[in-house]
Amino acid sequence: MNSYTVRTAQGVRGEIRVPGDKSISHRSIMFGSLARGITRVTGFLRGEDALCTLEAFRAMGIEIEDDGSSITIHGKGIHGLSEPTDVVDCGNSGTSMRLLTGLLAGQNFFSVLTGDKYLRARPMKRVVGPLSQMGAKIFGRAGGEKAPLAIQGSKLSGISYDSPVSSAQVKSAIMLAGLYADGETVVREPHLSRDHSERMLRYFGAELETFEGGVKVHGGVELTGRELMVPGDISSAAFFMVAALIVPGSELLIKGVGVNPTRTGIIDILKAMGGDLELTNPREESGEPVADILVRSSKLKAIEISGDVVPRAIDEFPVITVAAALAEGTTVISGAAELRVKETDRIAAMADNLRRAGVEVAETKDGMEITGVECLKACNADSFGDHRIAMSMMVAGLTAPGETLVSDVDCIATSFPGFRDLLMGVVKH
Ligand code: S3P
């Protein structure tokens, strides 16, 4: 298990690009494989999670080439997958496992999905339940709640499903099953979660209906392969945004970041905290909005975070708590119980780490209250095996006098290979 040491920074300055969006990278492989003809993907994230999805589709008979600059997928159409001859390993990736479960439910073959110890502990009933209502035959540990999941593909019928959670993984799993189901499939959610599946299905030529609170898909769509550009991941950019805000003397330009409105909660939250963030050069690439983001050091103040901004910033909460730890006043986060079932319990993990850094934190069932301090203490932080906790505590360490040690950092490779080098390239000591 490797660890990193981070020292106090005097500024975060320069111009960077972050790796491709993880959610869009997964979906590029999935929909590219289900499309007929060739899809060429540039900007694909070669992180462990998205590579698990890539390998899963290779195992289902799809030819996928990687020449180092782009990924070429030889899609065989919606009914072109074949039975994998071995268990499919989703590693640490919830997106791979949940979306694949939906897709595999409607195939004419058998498959088994597993993952690492963190993924095997995460809830799967949220997809297994509604998919079973569609007629899926899925078996798993703890009555289908936990992986490994065994899926006997079967005939599915469309449903109208009101999801109790705002989750793009749940929504996308049901939509994918809906492509194979008789009739229409409707998914509604309390607040809109990321809509990359909806956008990409349309980009590949499918007709679907989106409406206030939900989405409707029809069985038997035809998808056509095409060129696809993956924008920089706003969830990866978030670590740099917070680093530049909290380290005095910073000015950082992050180029080519995906700014889909279902993902820009982080920008709204940081701006509400008094952060100086400017979006420039807005454009659209492959059906997704993209912009450059200029960030300058700012004096932050505490705010209340709840409601529909929560799913729009769901992966950014670990680093948002770092910003809150240095903001004036008490930041109150609520309505974010989903954080407890991420790669680790992110409420407990950040509360633990921030307390080590000298911050007063109260945990609630669905959030936390963080009282900001002038300056963090250097500490020994623990990633708890979660990439975003590791990166958040490395960012926190930039403001603490002395050395902050972050242990178990190998997990960063799931979403952000090269994070440390990119960070150290713009950090001034
Ligand atoms: C993702 C959806 C979110 C997010 C995850 C990626 C996706 O999960 O946390 O990192 O690609 O659909 P939930 O659907 O569980 O909220």
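This is a predicted model: local features need pLDDT of at least 70, side-chain atom pairs count only at pLDDT 80 or more; totals for chains, interfaces and linings use all residues.
Visitor: How many helices and strands does the protein have?

Guide: There are 13 helices and 26 strands in the protein.

Visitor: What does the radius of gyration say about the protein?

Guide: A compact globule of 429 residues would have a radius of gyration near 22 Å, and the protein has 21 Å, so the two agree. The C-alpha trace spans about 60 × 40 × 40 Å along the principal axes.

Visitor: What share of the residues is buried?

Guide: Buried means under 20% relative accessible area. By that cut-off, 60% of the 429 residues in the protein are buried. The accessible surface of the protein is about 15,300 Å², and carbon and sulfur atoms hold 49% of that surface.

Visitor: What part of the contacts joins residues 24 or more positions apart?

Guide: Among contacts with a separation of 6 or more, 75% are between residues 24 or more positions apart.

Visitor: How do I read a sheet, and in what order do the strands of the open sheet stand?

Guide: Strands of a sheet pair through backbone hydrogen bonds, either parallel or antiparallel. Here four strands form an open sheet with mixed pairing, in the order β20-β21-β23-β22. Its edge strands, β20 (304-305) and β22 (360-364), each pair on one side only.

Visitor: In which sense do β21 and β23 pair?

Guide: Strand β21 (residues 330-333) and strand β23 (residues 367-371) are antiparallel, with four bridges. Thr331 stands opposite Ile370 in β23.

Visitor: How many side chains are positive and how many negative?

Guide: The protein has 45 positive and 54 negative side chains, and the centres of these two sets are 1 Å apart.

Key. Residues are numbered from 1 along each chain as its sequence is written. Side-chain values use heavy atoms; hydrogens and water are left out. Helices (H or I, at least four residues) and strands (E, at least two) are DSSP runs, numbered from the N terminus. The radius of gyration is taken over C-alpha atoms; the globule rule is 2.2 Å times the number of residues to the power 0.38. Buried means under 20% relative accessible area, exposed over 50%, partly exposed in between (1.4 Å probe, protein chains only). Contact means heavy atoms within 4.5 Å. Accessible areas come from the Shrake-Rupley method with a 1.4 Å probe; for residues, only the protein chains shown count as cover. Lys and Arg count as positive and Asp and Glu as negative; His and the chain ends are not counted. The place of a charge is taken as NZ of Lys, CZ of Arg, CG of Asp or CD of Glu. Two strands pair if DSSP finds at least two bridges between them.
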